[in-house]
Amino acid sequence: MLKIQTQPMCWKDGGFVSPAEAPDASAEKTMAYKILQAHNHSGDPAQLSLRFDALVSHDITYVGIIQTARASGLTEFPLPYVMTNCHNSLCAVGGTINEDDHIFGLSAAKKYGGEFVPPHQAVIHSYMRERYAACGRMILGSDSHTRYGAFGCMGIGEGGPELARQLLKKDYNVAYPKVIAVYLTGRPSPGVGPQDVALELVGSTFKDGIVKNVVLEFFGPGVKEISMDYRCGIDVMTTEASCLSSVWQTDEYTQRAFERLGRSEDYKEMAPEDGALYDGLIEIDLSAIRPMIALPFHPSNAYTIEEFNANAPDLLRQVEKDAVEQLGVETLPGALTDKLIDGRMHVDQGVIAGCSGGTYQNLKRASEIIEGNTIGDDAFRLSCYAGSMPTLNALIKEGCVSDTMACGVDWRSCFCGPCFGAGDTPANGAFSIRHSTRNFPNREGSKPTNGQLSYVALMDARSIAATAVNGGFLTAADQLPSPPEDRPEELSEYDDRTYKARVYHGVGKPDPEQELIYGPNIADWPNQIPLPENLLLTVCSAIYDSVTTTDELIPSGETSSYRSNPLLLAEFALSRKDPGYVGRAKDIQKLEQLRQENPEDPAVLEVMEGYDPTDTGLGSLVMALKPGDGSAREQAASCQRVLGGCANLVREFATKRYRSNVVNWGMLPFVVPELEELNVQCGDRLYIPGIRDLLLGDGESIDAKLIQPDGDRTVTLLLPDLTREERDIILSGCLINYYS
């Protein structure tokens, strides 16, 4: 199904050859190169300083971004900034604080000149596809699934500080990335949807890091065989392969989509030039893709549904083993194999939602499968969430909503909740199948540390609908008697009157006299001190999982209500991974605060053990082998900093965006390739002399003393590829200090 080549390949005369066979081969002939260089202001093609065409955030992130930028001197938004309200829409947790954030966002849009999309109108990426994505543009979002490649637009998801930098007219700095061609051929079989293609791609590339931090460039004859919705469904899931961005060739279907949206002028033909040089090649035969399922707890844990059904007992027992190891639970709520009835897997819930599942064609195909059937009156239930009001309106006008409601389907408003554990939480021990973006631990809203555990598997809307009409028995859509076929040319009516009636369109119209409206939970970032001359750090969490997600560093779900209050949110840091972390970090933080007030205090001198308290700071660090997979949320790093964190000690960072968050919050991104051999544990300490001098210069390594119960040893800490600006941010203590 997929053929992967990791060596450079050249697109030449309608096929791929080695660069040696193409004297005119050049990376400058790729679509990605042209877009990136058009936005590059560094003067150096190899070291990019990017300025974006638009920014976008949702209601978990925009308060912190605006607070950061405001503390750094923000006076108005210098480019279009869209604030959507699709994560904390329900306002169900935390009293008034979610709606207080929304009111703050609207007041900020008025004061600084932004665009404000009220709750229930659209999920973040559906709105940006409809209103802002355009050929040749670049959009930066504070959500990891910022992907608009199907519209010829490169989207990048980053932590909030990178958006704050753009608001302060600063650049996004990154080395020119590798670009890998994704060549599509064939046509999907009826019943095979975009999530199936995406899960095959993620499952084949993530574990080996094949596309980590690269740009994926999609083209080939298979592109014309799939609709725009289908392309978007594949595109948004490329985040789960850990790539930096994506872009697709455009064609007449792209042009028609822009015409439908009333933005014909935003279309232009895009394709790689003959001789385009790529750093690798992934070939996907769409006709060979079969319905897929990604088992807990990662989208890369992917199998064909046929393979799963043939090996269900073994695979379900592996899921249980993973739950015990990853979640640290001692007992499970029953055996998953108990869900096998006469050899068939029976699931408890289905959800089709968000930027990946809630598109017109996904929901249309699901309704065609469900119509005339019934979901049944037992435990299984199915919920559908359209990605935007224009999409929902079209489905209502066509009768899809009423027809499926009559069959027992529950319809919801435009909301991202099921993707991060804030909507349709299953019962304890339940197994949920979802067309959404992630199935990380706790993404379904369960709390394993409280004895509540449920499981999410990712599937395509078509197979979820097929499962629904089969009473909850797991069914691949291509096993239906007549599965519906996708139609590339199919477009719904686009009626955006709801946006015209409800969205605040204030771009370019700031009102400095407007006051920001603060709720009682909205708080400023606490002050951070500059980097001391030397550091004595205590390991307050040591995580040896192969990958640590940002969900594990700061849980999603109910914690999202506290994202506007750094101190309250920090109480949840690593709460589901290492519940003792917060207390340990606070103990060190109290000693550091005491050191700042009185370096000669006996309690300080006791813990310093002979190191000079006048020029050696105390702090905590988190050790993890490969942290930062998943969400772009800056709070995964900022919560550590709020608790006195000074560094991450890693074998490698899972994503660029998490490393950026660590740096922007003033923490040192230490890399030790042989980290596992050191056997670092909680309570170990790391003395780092001369760290300030190192950052003032251009050194990329420093010798430190690792202090462990069985003795001390010297370790070399690496700081690879730190730019001058990143060094200055860490020296200042954080991005806010650096700019203010």
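**Entry 1: the sheet**

I began with the open sheet, in which 6 strands lie in the order β9-β8-β5-β6-β7-β25 with mixed pairing. I noted that the model I am reading is a predicted one. At the edges of this sheet I found β9 (154–157) and β25 (504–505), each of which pairs on one side only. As a reminder to myself, I wrote down that strands of a sheet pair through backbone hydrogen bonds, either parallel or antiparallel.

I then followed the pairing from strand to strand. Strand β5 (residues 54–57) pairs with β6 in the parallel sense over 3 bridges, and within this pair I saw V56 standing opposite V82 in β6. On the way from β5 to β6 I looked at helix α2 (residues 62–71), and I recorded that β5, α2 and β6 make a right-handed β-α-β unit. Strand β7 (residues 115–117) also runs parallel to β6, joined to it by 3 bridges, and here T84 has V117 in β7 as its bridge partner. The pairing of β7 with β25 is antiparallel and has 2 bridges, with F116 partnered by Y504 in β25.

**Entry 2: the side chains of β6**

Which way do the side chains of β6 (residues 81–84) point, and are they buried or exposed? I found that Y81 and M83 point one way while V82 and T84 point the other way, and that all of them are buried.

**Entry 3: the nonpolar cores**

Next I looked up the largest nonpolar core, which has 91 residues, and asked which of them touch the most other members. They are F16, Y81, Y127 and L167. The element that gives the most to this core is α2, with 5 residues. Apart from this core lies another one of 51 residues, among them I375, F380, A394 and I464.

I turned to helix α4 (residues 124–131), which is mostly covered, with 7 of its 8 residues buried. Among the buried residues of α4 I noted I124, Y127 and M128, but also H125, R129 and E130.

Why do I call helix α22 (residues 635–642) largely enclosed by the rest of the structure? I do so because 8 of the 8 residues of α22 are buried. The buried residues of α22 include Q635, C639, R641 and V642, and they pack against several elements, including α20 (581–597), β28 (616–624), β30 (645–650) and α23. After α22 comes G644, for which I read a positive phi, near 95°.

**Entry 4: the largest pocket**

Last, I looked at the largest pocket, whose volume is about 930 Å³. It is lined by 37 residues, and the closest to its centre are V174, N213, K656, R659 and D721. Among the elements that give two or more residues to this lining I noted β4 (47–50), α5 (160–167), β10 (172–175) and α26 (724–732). The most comes from α23, which gives 5 residues to the lining of the largest pocket.

Key: Residues are numbered from 1 along each chain as its sequence is written. This is a predicted model: local features need pLDDT of at least 70, side-chain atom pairs count only at pLDDT 80 or more; totals for chains, interfaces and linings use all residues. Side-chain values use heavy atoms; hydrogens and water are left out. Buried means under 20% relative accessible area, exposed over 50%, partly exposed in between (1.4 Å probe, protein chains only). Helices (H or I, at least four residues) and strands (E, at least two) are DSSP runs, numbered from the N terminus. Two strands pair if DSSP finds at least two bridges between them. A crossover is right-handed if, with the strands pointing away from the viewer, the path from the first strand over the helix to the second runs clockwise. A nonpolar core is a set of buried Ala, Val, Leu, Ile, Met, Phe, Trp, Tyr and Cys residues joined through side-chain atoms within 4.5 Å. On a 1 Å grid over the protein atoms alone, a cavity is a set of points where a 1.4 Å probe fits but cannot get out, and a pocket is an open set with protein on both sides within 12 Å along at least five of seven lines; lining residues have an atom within 4 Å of a point. Grid points are joined across faces, edges and corners, and a volume is the space filled by probe spheres set on the points. Contact means heavy atoms within 4.5 Å.
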